[in-house]
Amino acid sequence: MTDGREANNPATAAEIRQQPQLWKLVAAEAELRRSSMDAFLRPLLSEQRARVVLTGAGTSAFAGQVLAPALTGRLRRRVDAVATTDIVTSPREVLGEDVPTLLVSLARSGDSPESTATTAFADELLSDVRHVVITCNRHGQLAKAHSERADSLVLFMPAAANDRGFAMTSSFTSMLLAAQLALDPDSSGGRYVDQLGAAASQLLTERTGQLAGLAGRRYRRVVYLGSGALTGLAREAALKLLELTAGQVISYWDSPLGFRHGPKAVLEQGTLCFVFVSTDPYSRRYDQDIADELRRALGDEHVVEVSAQAADDRSAWYIGDLGHVPDPLVALPYAVVAQQFALLASLELGLTPDNPFPSGELSRVVRGVGIYPLRGQT
């Protein structure tokens, strides 16, 4: 089901719907490049002291936050998600440990000043660094800077993943999947792509009407919660709503346990809460606990529990039969829930999701950021 008003916003609406097809293309490309990716990554990842840093700005950074917790356990080494905006302002602190480092840069356009500055600072401060660039723009500055380097591997997303709309949708999930497949080929991510795509498509067919109903209530505050990898997704979901409603809806994110320690003060009667439920049996108990607590405080109609694990005693939105799929991959269809709700909330407010800031307060690619050189600084 689609909202008739989406016809006035062809880019964002289409970019949300096209994601299942793009995931298939990303997985197919990863399979084709498996040998070359492994040959590039194996020497560094076999080094026990090696550090992996996942970086990007805004939504791209949140993709790294989704991936880092699971990759730490899977790769059995240090994996940090650090935004380029944090690296650029404090490069010596973030990159102060001179160990073999794999810097994984995720960037839709690759034209943000912080993107190229981060890789340059890593080259300057680290004696052994290799780069993986995952981008949607073949013509971006980041791609140009690394395409011919022997110490860099550049992975391009399908052309349609380079979103034309203001907010990152296809680009977020495509880059997240590409990074997962590159860094953890044994996760069976490629094998799950058809299931993930089917779940996302079914969600758009069956849940868009309910999401439109929630958008029609014009909530002033919306909270997104998730554990582990899904905390990063909660952060991305909150940003998507804030962006597409041009700040008219206040959104918040946290982990289920963290939310109780002060941030719960954001709740008021009439707050909408989304809880992204983990597929990990242990983590899932905490997610369900906070969902139940919120239902008691706000009422069932104001809490959406999104789950991949069916249970007869839960009032939840079940997305396919994906209880066996790791959280960073389940995050793909979960993200579609958040994107579609943000789109419908934007339309409900009479905004243009493709360009919610027509006067230019915010733009797709950040401009005007001055980058200061490290040399000569103390």
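The largest nonpolar core of this predicted model comprises 105 residues, and those with the most contacts inside it are Leu102, Tyr224, Phe274, Leu294, Tyr334 and Phe341. A nonpolar core is a set of buried Ala, Val, Leu, Ile, Met, Phe, Trp, Tyr and Cys residues joined through side-chain atoms within 4.5 Å, where buried denotes under 20% relative accessible area (1.4 Å probe, protein chains only). Helix H14 (residues 327-348) supplies the largest share of this core, 15 residues; helices (H or I, at least four residues) and strands (E, at least two) are DSSP runs, numbered from the N terminus. Apart from this core lies another, of nine residues, among them Val53, Ile87, Val94 and Val129.

Residues are numbered from 1 along each chain as its sequence is written. Because the model is predicted, local features need pLDDT of at least 70 and side-chain atom pairs count only at pLDDT 80 or more, while totals for chains, interfaces and linings use all residues; side-chain values use heavy atoms, with hydrogens and water left out.

Beyond its neighbours within four places in sequence, Tyr224 is in contact with residues including Trp253, Phe274, Phe276, Ala338 and Phe341 (contact means heavy atoms within 4.5 Å).

Strand S1 (residues 51-55) pairs with strand S3 (residues 101-107) in the parallel sense over five bridges, and Thr101 in S3 is the bridge partner of Arg51.

Methods:
Two strands pair if DSSP finds at least two bridges between them. Buried means under 20% relative accessible area, exposed over 50%, partly exposed in between (1.4 Å probe, protein chains only).
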